Amino acid sequence: MTSGHRPTRFLSRGLVWLMPRALRDEYGPDMVQLALDRRTHSGEAAWRLWPSLLSDTAVVVARTRTEQLMNSMRALAVGVLLAVATFAALSGDLLVALGIASLGILLTGVFYARGRRSPAGSRRPAREPVSWVPWVLVGALLCLASLATVAIAGDRELAAPAWIALMAALLLGLTALATGLVLATQRSSRPVAVQPE
Amino acid sequence: MRENEPAATNGTRDLLPLPPAAMYILVALAEAPSHGYRIMSEVEELSGGVMRLGPGTLYGSIKRMVGQRLIEELEERPDPALDDERRRYYQLTPLGAEVAVAELDRLTALTRTAAKRLPGRPQLGLT
């Protein structure tokens, strides 16, 4: 490679870093090599190559993030149901809590079953995995903060706005926690590798 | 079965219609195993320059197609003496060949119907 191609290598490495992790880990060096091949073997000019690399990265990243978002939205829906159920149970409305929780568990079961029907080697395209860790961390943090506030307040009566903020934080925390757990369930039911026949 | 509908197995039908990039990659690999850059060049040539796959699109498609078992990575390079050892080669699997044929049937049926229905289009002489 000539030194004139260093900027292309630098740029393509930077763009590969923006790609979804699963793709980057598996094909990162190949993607850089392909960009360099276009420069060296095809003799493509930098002014033509670079914008095409940028637009390709933008398309791939946008598509992957949209897939991830759609996947998160389903988990979030179940998470909200489970959080509301927990909230209802905490407030003493057991029957409502049981109903909502059943619905949440049913939906989780459907997601899990759909994951099971796509075993390793499935011909259906796998969805991009979404990390469940941030959801659980944020959820746990919010729940702990809310419970700690209640514990510190003790018998003192909180003002209405503070009480509303506290309950909202608790509900949000429970939602994030439940969503993270649903995402973790989906992840564990997803194939990790494709074994050749 | 509807008129002109291709006969494809259930497993194959699940994958249809193929994204254009995937079909081009299957066709590019139909004759011989190939590596990323050559696949990209072949796709560009096959499409008359219309489709130029960027690195993300190409390897995103390859990743997906390997997962679907339409193509597979070769463990040994076809001719190590001739090529760069860093390159990874891919080849069509039997399922990939079957899916490519099914997609070709589908496109042929569509083309035939479109030629009949669209006014002013020439008869394509498809058999």
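In the predicted model, helix H1 (residues 6–18) and helix H3 (residues 46–90) of chain A pack with their axes 10 Å apart, at an angle of about 5°. Axes here are lines fitted to C-alpha atoms, for helices over the stretch in contact, and angles run from 0 to 180 degrees between N-to-C directions. H1(A) and H3(A) are therefore roughly parallel to each other, a label given to angles under 35 degrees, whereas those over 145 count as roughly antiparallel, 65 to 115 as roughly perpendicular and the rest as oblique. Helices (H or I, at least four residues) and strands (E, at least two) are DSSP runs, numbered from the N terminus. On the side of H1(A), the residues involved are Pro7(A), Thr8(A), Leu11(A), Ser12(A), Leu15(A) and Leu18(A); these meet Ala46(A), Leu49(A), Trp50(A), Leu53(A), Thr57(A) and Val61(A) of H3(A). This contact comprises nine nonpolar, three polar and no charged residues. Ala, Val, Leu, Ile, Met, Phe, Trp, Tyr, Cys and Pro count as nonpolar, Asp, Glu, Lys and Arg as charged, and the others, Gly among them, as polar.

Chain A as a whole contains six helices and zero strands. Of its 197 residues, 25% are buried, where buried denotes 20 or more other C-beta atoms within 10 Å of the residue's own, exposed 12 or fewer, and partly exposed the range in between, with C-beta atoms placed from the backbone. Among contacts in chain A with a separation of 6 or more, 77% join residues 24 or more positions apart; two residues are in contact if their C-beta atoms, placed from the backbone, lie within 7 Å.

The contact between the chains takes 25 residues from chain A and 22 residues from chain B. Helix H3 (36–46) and H4 of chain B each supply at least two residues of the side of chain B that touches chain A, and H4(B) provides the largest share, 10 residues. By class, this side of chain B divides into seven nonpolar, eight polar and seven charged residues.

Within chain B, the buried residues of H2(B) include Ala22(B), Met23(B), Tyr24(B), Ile25(B), Leu26(B) and Ala28(B). Their cover includes strand S1 (34–35), H3, H4, S3 and helix H5 (94–117) of chain B. The largest nonpolar core has 37 residues, and those with the most contacts inside it are Ile25(B), Leu26(B) and Leu29(B). H1, helix H2 (21–40) and H3 of chain A, together with H2, H3, H4, S3 and H5 of chain B, each supply at least two residues of this core. A nonpolar core is a set of buried Ala, Val, Leu, Ile, Met, Phe, Trp, Tyr and Cys residues joined through C-beta atoms within 7 Å. Neighbours within four places in sequence aside, Ile25(B) is in contact with Ile39(B), Val43(B), Ser61(B) and Met65(B).

Two loops of chain B show backbone features. The peptide bond from Leu16(B) to Pro17(B) is cis, with omega near -5°, and Pro17(B) is placed in the loop between helix H1 (10–13) and helix H2 (20–28) of chain B. Arg69(B), in the loop between helix H4 (55–67) and strand S2 (71–73) of chain B, has a positive phi of about 65° although it is not a glycine. Arg69(B) counts as partly exposed because it has 19 C-beta neighbours inside 10 Å.

Residues are numbered from 1 along each chain as its sequence is written, while chains are lettered from A and ligands numbered from 1 in the order in which they are written. As this is a predicted model, local features need pLDDT of at least 70 and side-chain atom pairs count only at pLDDT 80 or more, whereas totals for chains, interfaces and linings use all residues.
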